[in-house]
Amino acid sequence: MNETNAIVQRGQAVVMNTYGRLPMALVKGKGTYVWDAEGNKYLDFVTGLAVSSLGHSHPVVAEAIQKQAEEILHTSNLYWIPKQIALAEKLVENSFADKVFFCNSGAEANEAAIKLARKYAKEHYGKDKYEILTLVNSFHGRTLATLTATGQTKYQEGYAPLPEGFSYLPINDVVQLEEKMSEKVAAVMLEPIQGEGGILPVDVEFIERVRELCNQQGALLIFDEVQVGLGRTGKLFAYEWTGVTPDIMTLAKALGGGVPIGAMLATDRVASTFKPGDHASTFGGNPLSTAVGSAVMDILTEEGFMEDVQKRAQYFKHELQKLADKYHTGEGIRGQGFILGWPIDRLGPEIVEAARAKGLLINFAGGKALRFLPPLNVSIEEMNQAIAILDQIFSERW
Ligand SMILES: *Cc1c(COP(=O)(O)O)cnc(C)c1O
């Protein structure tokens, strides 16, 4: 029996069966490459789902972890945490936000955003303003509130009764938006580009209308940038492309360079609703995750970094588009920066598997599109290798 079979068997015996896992274990990574337990090498265009955005084993990330482990790992939010303050300063300096709450995941950041929005609405407008409006096909997490916010019933089945006060509308549907936008709405929450839903960008005109109606109704606008934030789209935050500023923004995935962390950012006016005791997290903003987050932010905000991401991402999108044209796969390549979707209507899982066999990791998002999430510092040569593998696969079976 090979190494991987043994790992799969041991895992099936003791790990809860909540994932449809591929029969492989990744045990080592360096830059854009990862290695499985058999020693096979892969180009990683999944990056743990937009987490390892600086590639694997980045020396700056490794050094930040090492240094902090030798200094202090955990103290509790009963005390001030200088590393937490430093990361908050960097996030505030580089965004619309004035204040930050730290937690440990995307779902927790969205849970905090929903709680803050409801409390804010109650404080300013009274008890009947509690509704959270989200988009069909969205993904906001797996806690009870965030899976209720998630506009996909497949994630909600079996968990009734779900929290009340959530309502959904189709992406980019201005007519339904205008219908659903009542004085009961406390917040509209959306991903500027839907990730799990299949790389579906929200139109700028739609986002502008959401902002207008939120202002009219006294509702807050929450951007879930858990997947698209932190340079993924070629700007530090995806909202920068839209010209629209939210009141609350959530981050997680890439913020810790692989170390778990989440953050909920807000303007002063909104953040001041939270008073001591209103929300908390034992691990939230701990010295380790925030020290690493600071190191990640320093790299992302280096002069010219985002321009370089944009240039290489445009190259990759162009090369993917050439393949989509060559094989007449239908709709063009979607997305921005290094969150790109290649919509295909058949063979999705087969192409993902064929790519894996040829040394390229990608996945199939929302049953709709091949999803590409390479590290932001992926090289032209690595992108060319990925394109060559995809070209060969499509030439053999499309
Ligand atoms: C992954 C994701 C989440 C959930 O993050 P977790 O860290 O898995 O809780 C929420 N929103 C979006 C847009 C995501 O992509």
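Predicted model: local features only at pLDDT ≥ 70, side-chain atom pairs only at ≥ 80, totals over all residues.

Q: Which residues of H4 and H10 make the contact?
A: On the H4 side they are Lys 83, Gln 84, Ala 86, Leu 87, Lys 90 and Leu 91. On the H10 side they are Pro 287, Thr 290, Ala 291, Gly 293, Ser 294, Met 297 and Asp 298.

Q: How do they split by class in the contact of H4 with H10?
A: There are 6 nonpolar, 4 polar and 3 charged residues.

Q: And what are the angle and the axis distance for H4 and H10?
A: H4 covers residues 82-93 and H10 covers residues 287-300. They pack at an angle of about 35°, and their axes are 8 Å apart.

Q: Why give both numbers?
A: Two packed helices are described by the angle between their axes and by the distance between those axes.

Q: OK, now H3 and H10. At what angle do their axes cross?
A: Roughly 150°. H3 is residues 59-71, and its axis comes within 9 Å of the H10 axis. That angle makes H3 roughly antiparallel to H10.

Q: Is the crossing of H3 and H10 left-handed or right-handed?
A: The H3 and H10 crossing is right-handed.

Q: Which residues of H3 meet H10?
A: Val 60, Val 61, Ala 64, Ile 65 and Gln 68. Their counterparts in H10 are Pro 287, Leu 288, Ala 291, Val 292, Ala 295, Val 296 and Ile 299. By class, this contact has 11 nonpolar residues, 1 polar residue and no charged ones.

Q: Switching to sheets. What is the order of the strands in the sheet of 7?
A: The order is S4-S12-S11-S10-S7-S5-S6. This sheet is open, and its pairing is mixed.

Q: Which strands stand at the edges there?
A: Strand S4 (99-103) and strand S6 (166-169). Each has a single partner strand, so one side of each has no neighbour in the sheet. From one strand to the next, the twist averages 20°.

Q: In what sense do S7 and S10 pair, parallel or antiparallel?
A: Parallel, over 4 bridges. S7 is residues 185-190 and S10 is residues 220-224. One detail: Ala 187 has Leu 220 in S10 as its bridge partner.

Q: What holds paired strands together, in general?
A: Strands of a sheet pair through backbone hydrogen bonds, either parallel or antiparallel.

Q: Let's go to the hairpins. How many residues lie between S1 and S2?
A: There are 2 residues between them, and Gly 31 in the turn has a positive phi of about 60°. S1 (residues 26-30) runs antiparallel to S2, with 4 bridges joining them. Lys 28 has Trp 35 in S2 as its bridge partner.

Q: What about the hairpin of S2 and S3, how many residues are between them?
A: That one has 4, and Gly 39 in its turn has a positive phi of about 90°. S2 (residues 33-36) and S3 (residues 41-44) run antiparallel and are joined by 3 bridges. Tyr 33 stands opposite Leu 43 in S3.

Q: What does S3 do with S15?
A: S3 pairs with S15 (residues 360-361) in the parallel sense, over 2 bridges. Leu 43 turns up again here: its bridge partner in S15 is Leu 360.

Q: And the sheet of 4 strands, what is its order?
A: S13-S14-S17-S16, as an open sheet with antiparallel pairing. The edge strands are S13 (334-336) and S16 (363-365), each pairing on one side only. Ignoring direction, neighbouring strands are turned by 30° against each other on average. Helix H12 (residues 348-357) packs on this sheet and touches S16 and S17 (369-372). The direction of H12 makes about 155° with that of S16.

Q: Which peptide bond is cis?
A: The one from Ala 160 to Pro 161, with omega near -5°. Pro 161 lies in the loop between helix H6 (144-149) and S6.

Q: Last one. How many helices and strands does the chain have?
A: It has 13 helices and 17 strands. The radius of gyration is 21 Å, which agrees with the value near 21 Å for a compact globule of 398 residues.

Technical notes:
Residues numbered from 1 in each chain as written. Heavy atoms only, no water. Axes fitted to C-alpha atoms, helices over the stretch in contact; angles between N-to-C directions. Contact = heavy atoms within 4.5 Å. Nonpolar A, V, L, I, M, F, W, Y, C, P; charged D, E, K, R; others polar. Parallel < 35°, antiparallel > 145°, perpendicular 65-115°, else oblique. Left-handed = near helix turned anticlockwise from the far one by under 90°. Pairing = 2+ DSSP bridges. Rg over C-alpha atoms; globule rule 2.2 N^0.38 Å.
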